[in-house]
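Please look through the sequence and the structure below before reading on.

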Amino acid sequence: MSDPVTSNPSIPMLPTRALGTQGLTVSALGLGCMTMSHGYGSPEERDERESIATIHRALELGVTLLDTAEVYGPFTNEELLGRALRGKRDQAILATKFGFTFDGTKTTGLDSRPEHVRDAVEGSLRRLGTDRIDLLYQHRVDRAVPIEEVVGVMADLVREGKVRFLGLSEAGEQTLRRAHAVHPISALQSEYSLWERNLEPRIIPVLRELGIGLVPFSPLGRGFLTGTAKPSEELPESDFRRQADPRYLKENFDANMQAAAAVRGFAEHRGLTPAQVALAWILHKGPDIVPIPGTKRRHYLEENVASAAVTLSADDVAFLDAALAPEKISGLRYFPANMAMV
């Protein structure tokens with residue numbers, strides 16, 4: 001059933017930010033579209049009409065960066081986005097990703113061979129109903145294929161007009177340097193939030209040295225920072241967090257909810273939602289960072305967009321930094337099979 005909440009006309013339009021130094025300008029917050037067809041919750045919870053209404057409302061509010069990938073579904077998320085953007089394509093900056101192989105709807109492995117990259121991009125263009133991809137990411141680094149070969153074919157696609165800007169996802173320092181030497185990389189998409197700070201010691205300094213923007217996924221800690229998290233055994237069997245996130249396991253869950261309580265308390269004191277505090281924290285970490293919170297409901301979208309108007313002092317940021325310091329989080333961010341791909 002569609003979301004009955006009416007749109008809030010008082011939410012200000014989003015400002016823009018530059019991703020990288022190659023001319024890619026996007027909204028300060030993007031929209032992660034994955035959960036509209038994949039990943040969290042159960043199929044029964046998804047409503048295509050509400051998802052499309054959410055995308056349209058995002059465009060109204062100035063959210064230009066829409067994020068998808070061939071693996072979401074697989075394929076069905078790109079198709080959904082293509083339907084939503086009929087007649088509206090020029091209002092959006094479309095980002096998608098390649099790099100996996102499939103047997104029907106089952107993901108079977110990684111493949112970034114140049115010929116596979118070309119096939120994947122043609123499929124994405126067709127499903128999205130467009131003649132160009134604004135931001136193309138390699139979804140996971142394929143250690144079987146030198147990054148120079150991968151970025152080489154991506155650069156060819158830029159020259160052919162099928163792609164505008166290039167990105168990587170979950171890439172390390174040396175991979176970023178080698179890739180950027182072949183063709184400028186505009187964005188790295190990796191997990192970053194109050195909840196997950198692994199990028200701070202080495203990756204963020206490299207991004208700033210090279211002039212690469214950061215697009216954090218899971219900026220709300222896969223639900224923990226919203227205050228609505230449930231332990232893994234209460235999540236649907238198909239939910240990604242039950243399958244791949246150790247922080248939702250019983251032995252970690254209570255400690256993590258206790259850590260996240262600091263965000264809830266801060267939010268209550270400021271008259272904000274925990275999600276708004278978490279997103280405002282990221283936005284205050286630098287003008288080169290554009291988080292992509294995912295939602296399939298208009299009222300959560302509007303709540304997230306309103307976070308761009310939240311002001312945090314240096315003391316506020318320092319308090320939140322300390323409250324969710326890495327040593328206070330229990331469990332790795334993925335189980336071993338997923339960690340092996342980052």
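Gly167 has Ala187, in β10, as its bridge partner. This is a predicted model, in which local features need pLDDT of at least 70 and side-chain atom pairs count only at pLDDT 80 or more, while totals for chains, interfaces and linings use all residues. Residues are numbered from 1 along each chain as its sequence is written, and side-chain values use heavy atoms, with hydrogens and water left out.

The names of the elements follow one scheme: helices (H or I, at least four residues) and strands (E, at least two) are DSSP runs, numbered from the N terminus. Two strands pair if DSSP finds at least two bridges between them. Strand β10 covers residues 187–191 and pairs with β9 in the parallel sense over three bridges. Another bridge joins Ser169 to Gln189 in β10. Between β9 and β10 the chain passes through helix α5 (residues 173–182), and this β-α-β crossover is right-handed. Right-handed here means that, with the strands pointing away from the viewer, the path from the first strand over the helix to the second runs clockwise.

Strand β9 also pairs with β8 (residues 133–138); the two run parallel and are joined by five bridges. Leu136 has Leu166, in β9, as its bridge partner. A right-handed β-α-β unit is made by β8, helix α4 (residues 147–159) and β9. Buried stands for under 20% relative accessible area, exposed for over 50%, and partly exposed for values in between (1.4 Å probe, protein chains only).

These strands belong to an open sheet of seven, in the order β3-β4-β5-β8-β9-β10-β11, with parallel pairing. At its edges are β3 (31–32) and β11 (213–217), each of which pairs on one side only.

Now to the helices. Two packed helices are described by the angle between their axes and the distance between the axes. Axes are lines fitted to C-alpha atoms, for helices over the stretch in contact, and angles run from 0 to 180 degrees between N-to-C directions. Helices α4 and α5 pack at an angle of about 40°, with axes 9 Å apart. They are therefore oblique to each other; under 35 degrees counts as roughly parallel, over 145 as roughly antiparallel, 65 to 115 as roughly perpendicular and the rest as oblique. Where they pack, Ile147, Glu148, Val151 and Gly152 in α4 meet Thr175, Arg178, Ala179 and Val182 in α5. Contact means heavy atoms within 4.5 Å.

Another packed pair is α8 (residues 250–270) and α11 (residues 314–323), at about 155° and with axes 9 Å apart. That angle makes α8 roughly antiparallel to α11. Ala259, Ala262, Phe266 and Arg270 of α8 meet Asp316, Phe319, Leu320 and Ala323 of α11.

Two single residues remain. Leu225 lies in the loop between β11 and α7 (240–244). Is Leu225 buried or exposed? Its relative accessibility is 1%, so Leu225 counts as buried. Leaving out residues up to four places away in sequence, Leu225 touches several residues, including Trp195, Val263 and Leu324. Leu225 and Val263 are 38 residues apart along the chain, and their C-alpha atoms are separated by 7.0 Å.

Ile52 is in helix α1 (residues 48–60). Ile52 counts as buried because its relative accessibility is 18%. Apart from neighbours within four places in sequence, Ile52 is in contact with Leu80 and Ala84.
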